[in-house]
Amino acid sequence: MEIKSTDSDSFRLVYENCYSVLIRICYHVVYNMDIAEDLVQEAFERFYLKNMTFPSEDEAKYWLIKVVRNLAFNHLRRGRRETQMVEKVRLRASGGTNTRDAQVDLDENETRREVRKAVSELPENLRMVIILKEYGDLDYKAIGKILGISESNVKVRVHRARKKLEESLAGDEAYVY
Amino acid sequence: MCIDEALLSSYFDGELKEPYKSQTEEHLAHCAACRARYERLRTISEELRSDGPDEAELNRNRDVIFSRLEKKFFAEGGRKPGFWRKKVEFGLGSMITAAAGLVIVFIGGFVLFGTSPEQTSDIIPSYTIQADSQNVRFVSSDEPRGLDGYSLEEILSYLDSRGYNVDISIKGLQPVE
């Protein structure tokens with residue numbers, strides 16, 4: 001089905017089907033719900049304003065993922081310093097009422113923190129591939145289309161990313177070859 | 001021989017094609033070491049996937065953001081992308097045709113209507129082009145020079161420039177008494 005980004009029905013359809021995958025991917029790049037939501041909203045705004053026609057729903061989805069990925073990485077590049085300042089203000093403004101988050105922080109076990117550290121430390125090209133694979137539930141072909149690389153390149157990158165993750169997560173968990 | 005790690009990673013993602021897929025399955029059935037590696041891949045994937053907020057948390061503002069976008073773009077009186085934002089695309093063929101058309105029209109203009117001093121004086125009376133076949137004459141009066149018109153030096157340097165090796169001897173001169 002052809003998707004016209006300014007058509008109300010098409011827009012709704014794409015939004016309904018893509019929102020959760022976009023927010024999940026975006027969250028795992030920026031690790032912040034508020035920022036992820038802002039960026040996803042911006043991606044949909046661009047989607048509308050571009051006034052484009054896509055041959056299929058999947059094509060529209062890939063386009064949106066591409067935009068969200070760029071927005072998220074640009075956000076990271078703009079500097080952590082800025083983000084941290086915003087966070088500080090936010091925390092002060094909320095006056096420590098978000099006890100749920102604090103609880104989550106407490107519950108956040110060692111593994112989880114290690115996982116984030118390991119993923120964040122991956123070079124950008126490997127990181128995006130593994131995020132799209134694990135959080136976007138996309139196959140190699142789709143990932144290749146989104147990143148503009150070949151399917152076999154995706155295969156290699158996924159493997160390399162896993163290898164690196166394995167190395168940095170090896171820590172206490174012993175495994176045998 | 002055990003399975004290549006990249007192959008195992010592809011198998012894990014369900015991207016391995018036959019016959020490699022069933023060969024891998026067969027191998028995994030009796031090789032404990034490879035099974036352990038496969039389990040390791042699964043653990044990493046599970047660790048990654050278990051990180052981050054759950055679906056409900058991820059979609060907390062899904063409807064809010066949609067209504068925000070809807071209000072902005074589709075509500076009564078909402079702004080449609082203007083004419084200038086519309087993406088206009090041309091194929092190479094049509095662009096070449098258009099360019100050729102422009103050239104023909106441009107040249108055709110001169111061929112059909114030409115330029116005459118009368119027209120110019122109609123448009124800009126104070127600036128009439130005088131250059132016409134009637135009032136332009138050649139001022140150069142170079143008659144073709146005979147060999148006598150050149151000095152010996154000029155002839156020699158010309159011959160030298162053409163690569164001739166010139167030998168000059170003077171005969172028949174009577175000493176001056």
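**Reading an interface and its rings**

Analyst: Let us begin with one residue: B:Y11 is buried, at a relative accessible area of 14%. Buried means under 20% relative accessible area, exposed over 50% and partly exposed in between, with a 1.4 Å probe and protein chains only. This is a predicted model, in which local features need pLDDT of at least 70 and side-chain atom pairs count only at pLDDT 80 or more, while totals for chains, interfaces and linings use all residues. Residues are numbered from 1 along each chain as its sequence is written, chains are lettered from A and ligands numbered from 1 in the order in which they are written, and side-chain values use heavy atoms, leaving out hydrogens and water.

User: How is a pair of aromatic rings described?

Analyst: One gives the distance of the centres and the angle of the planes. Rings of Phe, Tyr and Trp (its six-membered ring) pair if their centres lie within 6.5 Å; planes under 30 degrees apart count as stacked, over 60 as edge-to-face and the rest as tilted. A:F11 and B:F66 form a tilted pair, with 6.3 Å from centre to centre and 35° between the planes. A:F11 belongs to helix α1 (residues 8–30) of chain A and B:F66 to helix α5 of chain B, so this pair joins two chains. Helices here are DSSP runs (H or I, at least four residues), numbered from the N terminus. A:F11 is buried at 0% relative accessibility, and B:F66 is buried at 7%.

User: Which rings are linked into a cluster?

Analyst: The cluster includes A:F11, A:Y15, A:W63, B:F66 and B:F73.

User: How is the size of an interface often given?

Analyst: It is often given as the accessible area lost when the parts come together. Buried area is that loss (1.4 Å probe), summed over both parts. Chain B and chain A bury about 4600 Å² between them, with 56% of it on carbon and sulfur atoms. On the side of chain B, B:R40, B:L48 and B:D51 lose the most area to chain A, together 15% of what that side buries. In terms of contact (heavy atoms within 4.5 Å), 42 residues of chain B meet 51 residues of chain A.

User: How many salt bridges are counted between chain B and chain A?

Analyst: A salt bridge is a side-chain nitrogen of Lys or Arg within 4 Å of a carboxyl oxygen of Asp or Glu. The count between chain B and chain A is 11. B:R49 forms one with A:E134, their closest N and O atoms being 2.7 Å apart.

Notes
Buried area is the accessible area (1.4 Å probe) that two parts lose on being put together, summed over both.
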